[in-house]
Structure formats: C-alpha cells, structure tokens
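Look at the sequence and the structure below. A few questions about one chain, and about its contact with another, will guide the reading.

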Amino acid sequence: MNSAAFIVTAIFTVAAALAAATLRKLMHAALSFAVALVGVAALFLLLGAEFVGLALVFIYIGAVAVLIVFTILLTRRDVGKDHGFNWGGVVVAVAVFGSLTWSILRTQSLAVIAPHMPGLTVKQIGAALMTTYVWPLQCVGLLLTAALIGALILVMEEKR
Amino acid sequence: MTPTLQVFLIVSAALFSIGLLAALSRRHAIFILIGIEMMLAAGNLNFIAFWRFGPRHEPPVGVMIALFSIAIAAAEAAVGLAMVIAVYRHYHTTNVDQLDQLKG
C-alpha cells in the first residue's frame with residue numbers, strides 16, 4: 001500500500017468533508033459532500049475493495065448527491081435565509097473525535113500492517129451474494145422497493 | 001512506512017466526527033441528512049479497513065456488510081429527502097428549529 005497516495009487521499013477526504021459540514025451555502029456543501037465521497041471511494045480502492053469503491057461512486061455520487069441537489073433546488077425559496085449554527089455540536093464532535101483517536105492509538109493490536117492478500121474478484125462477490133447472502137440480498141431488494149414506494153407516497157400532492 | 005490499520009481508523013473517526021458536527025450543529029434539514037450519510041460512509045470505511053487488515057475470510061464478510069449498508073443508506077437518503085420536500089410543502093421552511101408543532 002502506497003503511503004504517499006494514502007496521505008494525499010486522507011487529507012483530501014477530510015478537507016472536503018469539513019467543507020461540506022461548515023460551508024454556508026447549501027449547494028457548495030452538497031458538492032463538497034460529493035467530493036468527500038470520491039475521497040472515501042479512493043480509500044476503498046487503496047484498501048483493495050475495488051467493487052465497493054465503484055459501487056460507492058455509482059450510488060452516492062450518481063444517485064444520492066444528485067438527489068440532494070434536486071432537493072435543494074426544490075426547496076429553494078428557503079435557501080437564502082441564514083439558519084444559524086449551534087456551537088454545542090462542535091464541542092460534542094471534538095470530544096467524540098478526541099476519545100475515538102485516544103482509544104485507537106492506545107490499542108496496540110491495531111498497529112498492524114496489511115497482510116498480503118490475493119485480490120478480491122467480482123466473481124467471488126457475486127458467488128457470495130448468490131449463496132451465503134441470498135436472503136439478505138432479497139431483503140435489501142424488498143427494502144429498496146418499500147423505500148421507493150414510500151418516498152413516492154410522501155411527495156405526492158396532497159388532496160385538498 | 002506503510003499505513004497501519006490505526007491511521008485508517010483515525011481517518012474514519014475524523015469523517016464520523018465531521019458528520020456528527022454537521023448533523024448536530026446545522027439547522028437545515030438537508031445538512032443533517034448530509035451529516036448522517038457521512039457518518040454511514042465512515043462506518044463503511046471501518047468495515048472495509050477491518051476486512052483488509054484482518055484474517056482472510058471466505059466469503060469476504062466486511063465487503064458484503066459494506067455493500068448492504070450502502071444499499072440501506074441509499075434507501076434512507078431517498079426517504080429522508082422525500083420527507084424534507086413534504087415538510088417544506090407543509091411548513092414552507094426547512095429549518096428544523098421551526099418544526100415545533102408537536103411540542104407539548
């Protein structure tokens with residue numbers, strides 16, 4: 001695993017995520033969110049999970065980010081107003097990050113380097129999905145269908 | 001020096017905290033959804049990192065859990081954004097502080 005590539009990707013991801021959380025304009029924040037997800041997908045590629053990285057790009061950037069942008073455009077009259085910022089959240093987030101980092105750094109068994117591993121092929125993933133994970137796969141399909149119908153019903157015009 | 005498991009977990013913790021920051025401190029409903037999605041992505045990063053650094057498994061459990069959690073996150077985002085639009089139609093605002101009609 002390349003160390004320089006990892007450092008660049010990690011800084012890029014965290015910077016884009018910070019921009020997404022703190023930028024004042026909603027549209028800029030949504031686009032930074034998409035950039036942060038590109039960074040996460042790049043980290044997945046570095047870890048050798050190419051299929052999941054590409055799925056993340058397709059689903060999050062192709063679908064979720066576009067959905068967020070559409071929602072911003074549909075609720076546009078409200079965007080101009082300043083919504084304020086709660087500084088209590090900053091304290092909680094810093095405390096959570098500090099305690100997580102402290103406990104990660106204190107755990108010696110986590111200071112390992114990656115073992116050598118043959119690449120994961122799409123064929124293996126497909127075989128696992130169709131044998132061991134066939135019931136979870138069906139449940140996720142059912143969940144996605146229910147979510148699709150639910151989202152449609154939620155946004156249907158109300159009858160007066 | 002090659003990156004150890006710790007640095008991946010720290011990057012993931014940073015992403016999670018930033019998502020928590022967005023979900024807790026912004027008043028706009030879409031920001032809260034963005035924060036939740038970011039926390040889910042951080043969780044996925046943890047699954048993939050533990051899969052890569054752990055002992056070899058057949059089938060690849062970490063990858064499978066990450067795939068399923070991406071699918072569930074997509075469903076959650078679709079329903080959440082539909083709710084934002086429905087709320088906006090009703091109240092003409094997306095500021096979560098003003099949605100206090102159920103307050104006792």
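How many residues does H3(B) have, and how far does it reach from its first C-alpha to its last? The model is a predicted one, and in it H3(B) has 31 residues and reaches 44 Å between those two atoms. At 1.5 Å a residue, 45 Å would be expected, and the helix is close to that. After H3(B) comes His92(B), whose phi is positive, near 55 degrees.

Now take chain B as a whole. Its secondary structure consists of three helices and zero strands, so that the pattern read along the sequence is α-α-α. The globule rule gives 13 Å for 104 residues, but the radius of gyration of chain B is 18 Å, well over that value, so the chain is more spread out than a compact globule. The C-alpha trace spans about 50 × 30 × 25 Å along its principal axes. Of the 104 residues of chain B, 56% count as buried. Among the contacts in chain B with a separation of 6 or more, 50% are between residues 24 or more positions apart.

The last topic is the contact between the two chains. Chain B puts 60 residues into it, and chain A puts in 72. On the side of chain B that touches chain A, the elements giving two or more residues are H1 (5–25), H2 (29–53) and H3 (61–91) of chain B. Which of them gives the most? H3(B) does, with 20 residues. By type, the residues on this side of chain B are 45 nonpolar, ten polar and five charged.

Technical notes:
Residues are numbered from 1 along each chain as its sequence is written. Chains are lettered from A and ligands numbered from 1 in the order in which they are written. This is a predicted model: local features need pLDDT of at least 70, side-chain atom pairs count only at pLDDT 80 or more; totals for chains, interfaces and linings use all residues. Two residues are in contact if their C-beta atoms, placed from the backbone, lie within 7 Å. Helices (H or I, at least four residues) and strands (E, at least two) are DSSP runs, numbered from the N terminus. Ala, Val, Leu, Ile, Met, Phe, Trp, Tyr, Cys and Pro count as nonpolar, Asp, Glu, Lys and Arg as charged, and the others, Gly among them, as polar. The expected span of a helix is 1.5 Å times one less than its number of residues. The radius of gyration is taken over C-alpha atoms; the globule rule is 2.2 Å times the number of residues to the power 0.38. A residue is buried if 20 or more other C-beta atoms lie within 10 Å of its own, exposed if 12 or fewer, and partly exposed in between; C-beta atoms are placed from the backbone.
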